[in-house]
Amino acid sequence: DEPQVRASWPAPPEHYKLLGEQQLEPPPIPDESTNPHVYGVPLFGSPQKEIETLEAGLDLLYDPKNLEYKDELKKLNLSLLFSNYQLIDALVENPERSAQIQEHVLKINLNMHHLINSMRPHQARELLITMLDQQIERRKEFLEDLTAEVDKAKLQLSKAKGELMNANSHPPELSITL
């Protein structure tokens, strides 16, 4: 007797059974009114709209024409660290000045995000090149393995052919006993 399949899926875990007959509501789908904002920009939305919004209202702290990403990110990072130090100092010494420093920290963060996001196409291109190089390497290795196996098979066939030729040139003696 073969075991019969009783269910397509395994039984749910025990902790799920403890919930009983309660209906679990799926989380609500975020809409415009519940969309959280990060640095004043909606978290969800069209990327093009976000880029246009950032570029329209963003004071760039770097020169987009002569751009060295690594150097600019280092400069912005150092500026951010120094601004955070200034913010802590202002909160202790002069709290009224902290709003101005917070705006500057926000500006630096937005510039860093904008700079990082502008590197995404280059990152995607480099990732694709790396993946294709790995694929080519795997195929070359497979081809080398296949060639080695074909060579082994040819060698075995030539040995078998030689043995057959030797066997045909010297037929074995047949002895029939009754």
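Here is a chat about how the labels for this structure follow from the values.

Mentor: Keep in mind that this is a predicted model. The protein has 5 helices and 2 strands, and from the N terminus on the elements run α-β-β-α-α-α-α.

Trainee: Okay, start with Asn111. Why is Asn111 called buried?

Mentor: Buried means under 20% relative accessible area. Asn111 has 0% relative accessibility, so Asn111 counts as buried. This residue is found in helix H4.

Trainee: What does Asn111 touch, not counting residues up to four places away in sequence?

Mentor: Asn111 touches Leu58, Asp59, Leu60, Leu61, Tyr62 and Leu76. With Leu61 there's a detail to look for: the side chain of Asn111 reaches the backbone nitrogen of Leu61 at 3.0 Å.

Trainee: What makes that pair a polar contact?

Mentor: The cut-off for a pair of N or O atoms is 3.5 Å, and the Asn111 side chain is at 3.0 Å from that nitrogen.

Trainee: Now Leu87. How do you know that Leu87 is buried?

Mentor: Same test: the limit is under 20%. Leu87 has a relative accessible area of 14%, so Leu87 is buried. Look for Leu87 in helix H3.

Trainee: Which residues is Leu87 in contact with, leaving aside neighbours within four places in sequence?

Mentor: Ser98, Ile101 and Gln102. Leu87 and Gln102 are 15 residues apart along the chain, and their C-alpha atoms are separated by 7.0 Å.

Trainee: Which residues make up the largest nonpolar core?

Mentor: There are 11 in all, including Leu80, Leu87, Ile101, Val105, Ile108 and Met112. Helix H3 (69-93) and helix H4 (98-118) each supply at least two residues of this core. Take Leu80: leaving aside neighbours within four places in sequence, Leu80 is in contact with Val105, Ile108, Asn109 and Met112.

Trainee: And Val150? Why is Val150 called partly exposed?

Mentor: Buried is under 20% and exposed is over 50%, with partly exposed in between. Val150 has 37% relative accessibility, so Val150 counts as partly exposed. Its place is in helix H5 (residues 120-169).

Trainee: What kind of surface patch does Val150 form with Phe142, Leu143 and Leu146?

Mentor: A nonpolar one, with about 390 Å² of accessible area together. Patch members need over 30% relative accessible area, and Val150 is at 37%.

Trainee: How much of the protein counts as buried?

Mentor: Of the 178 residues, 12%. The accessible surface comes to about 16,200 Å², and 58% of that belongs to carbon and sulfur atoms.

Methods:
Residues numbered from 1 in each chain as written. Predicted model: local features only at pLDDT ≥ 70, side-chain atom pairs only at ≥ 80, totals over all residues. Heavy atoms only, no water. Patch = residues over 30% accessible without salt bridge, like charges linked within 9 Å, V, L, I, M, F, W, Y side chains within 5 Å. Areas by Shrake-Rupley, 256 points an atom, 1.4 Å probe, with all protein chains shown as cover. Salt bridge = Lys/Arg side-chain N within 4 Å of Asp/Glu carboxyl O. Helix = DSSP H or I, 4+ residues; strand = E, 2+ residues; numbered from the N terminus. Buried < 20%, exposed > 50% of the residue type's maximum accessible area, 1.4 Å probe, protein only. Core = buried A, V, L, I, M, F, W, Y, C linked by side-chain atoms within 4.5 Å. Contact = heavy atoms within 4.5 Å. Polar contact = N/O pair within 3.5 Å; in protein donor to acceptor, adjacent residues only side chain to side chain.
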